[in-house]
Amino acid sequence: MQPELRHLRYLLAVAEHANFTRAAEELRIAQPTLSQQIRQLEKALGTRLLDRGGRAVRLTDAGEAYARYARRALRELAAGERAVLDVHDLSRGHLRLAVTPTFTAYLTGPLVAGFHIRHPGIGVEVRELPQDRIEAELLADRLDLGVAFQGAHLPGVEATGLFTETLGLVVGPGHPLAGRTDPVPVAELTEHHLALLSRDFATRLHIDAYVFEHRVRPRIAVETDSVSALTEVVRRTALATVLPDAVTRDQPGLSPVPLSPALPARGVVLLRRAAGYRSAAAGAFAELAARWGVEEAGGQPIG
């Protein structure tokens, strides 16, 4: 007997759940049937793939080796199916996209809307994920593209530069720095209470690196995991924050204040799986993202 696709899916489901019952429920088949199919696969390969002796079912060494190829085979077959369905005139198709959270405040809405207006027949699935999750999902072929920041990336993830993003100090109308045009020395940040994004955001890590480099310990009064909540807090209080310039431009009542030295600009990149199939929809989105970042977000092209 030659192994079939269902055998690969069955084995990986049991490995993921470490339990036949839960795997059978996910696969919507009877547990005895699942056990029988796995035994057939083991017989065909002439080796045990699962260790059933402990409290949890786990892959044997041979099972681990086989599962790596099984995952790869299923990913490639899924990519092949998408390639067959891909229509190069962009009249139909599907795009799986993820962005890091900061981009939701200014890039995701207008960019996805612009793509939909140009290609209404293409369905777009958008997820908001931390950058490490985006890269893991790309490698698992659960995403087509990701928008994130330039830097070190996981092996197998390819980055294409889109534009550079600048950040600055931002205050509301009631802040004493509102309307100031002269740069504020970074050391003066200690005189002002700040509201910042949480450390789950790449933007916060960028800010932390900046103040650490300049040996400044700002007084942080509020931390939030929402850009919209952050802008509302700053608008209604005498707290200052640090945000991408593109966010500030779209927020009435918020004023940018220059810092000296300025926060380093950072590159925004489009991520994809290096060896993955690139659909016409993904190619069209990449072109639009590069153009939008420079023309609308005010960034500079990378490269």
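**Exercise 1. Work out in which order the five strands of the open sheet stand, and which strands stand at its edges.**

Solution. Begin with the order, which is β4-β3-β5-β14-β6 in an open sheet of five strands with mixed pairing; strands here are DSSP runs of E with at least two residues, helices are runs of H or I with at least four, both numbered from the N terminus, and two strands pair if DSSP finds at least two bridges between them. The model is a predicted one, in which local features need pLDDT of at least 70 and side-chain atom pairs count only at pLDDT 80 or more, while totals for chains, interfaces and linings use all residues. Residues are numbered from 1 along each chain as its sequence is written, and side-chain values use heavy atoms, with hydrogens and water left out.

Next, look at the ends of the order: β4 (122–128) and β6 each have a single partner strand, so one side of each is left without a neighbour in the sheet. Finally, neighbouring strands of this sheet are turned by 25° against each other on average, direction ignored.

**Exercise 2. Describe how strand β14 is joined to β5 and to β6, and decide whether its residues are buried or exposed.**

Solution. Take β5 (residues 145–149) to start with: four bridges join β5 to β14, and the two strands run antiparallel, with glycine 146 standing opposite leucine 271 of β14. Then turn to β6 (residues 157–165), which pairs with β14 in the antiparallel sense over eight bridges. Within this pairing, alanine 159 has leucine 271 as its bridge partner, and glutamate 158 has arginine 272.

For the last step, recall that buried means under 20% relative accessible area, exposed over 50%, and partly exposed in between, with a 1.4 Å probe and protein chains only. Eight of the eight residues of β14 (residues 266–273) are buried. In a regular strand the side chains alternate between the two faces of the sheet. In β14, one side carries Arg266, Val268, Leu270 and Arg272, the other carries Gly267, Val269, Leu271 and Arg273, and both sides are covered.

**Exercise 3. Find which residues touch the most other members of the largest nonpolar core, and which helix gives the largest share of this core.**

Solution. A nonpolar core is a set of buried Ala, Val, Leu, Ile, Met, Phe, Trp, Tyr and Cys residues joined through side-chain atoms within 4.5 Å. The largest one has 39 residues, of which Phe103, Tyr106, Phe115, Val147 and Phe285 touch the most other members. Its largest share, nine residues, comes from helix α10 (residues 280–295).

**Exercise 4. Determine how helices α1 and α3 pack, and state which residues make the contact.**

Solution. Helix α1 (residues 5–17) and helix α3 (residues 31–45) pack at an angle of about 110°, with their axes 10 Å apart; axes are lines fitted to C-alpha atoms, for helices over the stretch in contact, and angles run from 0 to 180 degrees between N-to-C directions. The two helices are therefore roughly perpendicular, since angles under 35 degrees count as roughly parallel, over 145 as roughly antiparallel, 65 to 115 as roughly perpendicular and the rest as oblique. The contact is made by Arg6, His7, Tyr10, Leu11 and Val14 of α1 and by Leu34, Gln37, Ile38, Gln40 and Leu41 of α3.

Definitions and conventions: Contact means heavy atoms within 4.5 Å.
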